[in-house]
Amino acid sequence: INQKGIDPMSLEMLAKAGIIGLRRAKKRNMERLILCCGGYAVNAEEELVPEALGYAGKVYEHVLGEEKYTFVENPRHPKSCTILIKGQNDHTIAQVKDAVRDGLRAVTNVLGDSAVIPGAGAFEIACASHLRQNVKKTIQGRAKLGAEAFAEALLVVPKTLAENSGFDAQESNITLTDEYEKGNVVGLDVTTGEPCNPTMQGIYDNYIVKKQILHSAPIIASQLLLVDEVMRAGMNMRRG
């Protein structure tokens, strides 16, 4: 497999020897091929040694639609692969592709963090209750309004889960909060609308996603408030 061209005479000689010759391979495909089959790329025929060769149990050409593709299958120690997605139209393929990408990223985040957080809105319920019951008691003045607003904003997640599942958002949030205050880890069961233990049902969220939300939300809110202050100052200067 060559990233450059192969002249017709060389292709004919390879074919007579029972060797498949593929030309104009993309660089990213070459990199993935090395991860999949082993071996390494060489720049000259003098560098061809047995150690440079990879292994694949089956290599064949297959037509999908109007395009021809070369399939490399059954490697010994693969560290890379290709997921083939088929669908009725481009929209369906795009949806499946996004779902697969999101799933792979979620798994990557779990492996990188070595930790997960209970899902189904459990983290938001717990965080909102902590802000209201603990943080508000340690601050004075207008800061209490900020803590309350932050807690209310966090409850948007369980509210959205309830609304999308056809349940009353306010009633669901009150029920979840009451259950949490009893000392239980609770999330919303979207099938029944009742509180559930997300860890028992295998519902988890990525730690790094929640961390990024908590880090980004205050910064974005502060920037928006700063823009309002700048615009207000500009209007006052014009009046002056």
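Where does Lys210 sit? It lies in helix H8, residues 207-239. Helices here are DSSP runs of H or I with at least four residues, strands are E runs of at least two, and both are numbered from the N terminus.

A word on the model. It is predicted: local features need pLDDT of at least 70, side-chain atom pairs count only at pLDDT 80 or more, and totals for chains, interfaces and linings use all residues. Residues are numbered from 1 along each chain as its sequence is written, and side-chain values use heavy atoms, with hydrogens and water left out.

Back to Lys210. Its relative accessible area is 9%, so it is buried. Buried means under 20%, exposed over 50%, and partly exposed in between, with a 1.4 Å probe and protein chains only. Lys210 touches Ile117, Phe123, Glu124 and Asp205, leaving aside residues up to four places away in sequence. Contact means heavy atoms within 4.5 Å.

Now helix H7, residues 169-181. At its start, a side-chain oxygen of Asp168 comes to within 3.3 Å of the backbone nitrogen of Gln170. After H7 comes Gly183, with a positive phi near 100 degrees.

Which residues of H7 are buried? Ala169, Ser172, Asn173, Leu176 and Thr177. Down the axis of H7, the buried residues fall within an arc of 130 degrees, so they line one face. That arc is taken from the directions from the helix axis to the C-beta atoms. They pack against helix H4 (122-135), helix H6 (156-164), strand S4 (187-188) and strand S5 (195-196). The face turned away from the buried side carries exposed Glu171 and Ile174.

Notes. The expected span of a helix is 1.5 Å times one less than its number of residues. A polar contact is a pair of N or O atoms within 3.5 Å; within protein, one must be able to donate a hydrogen and the other to accept it, and residues adjacent in sequence count only if both atoms are side-chain atoms.
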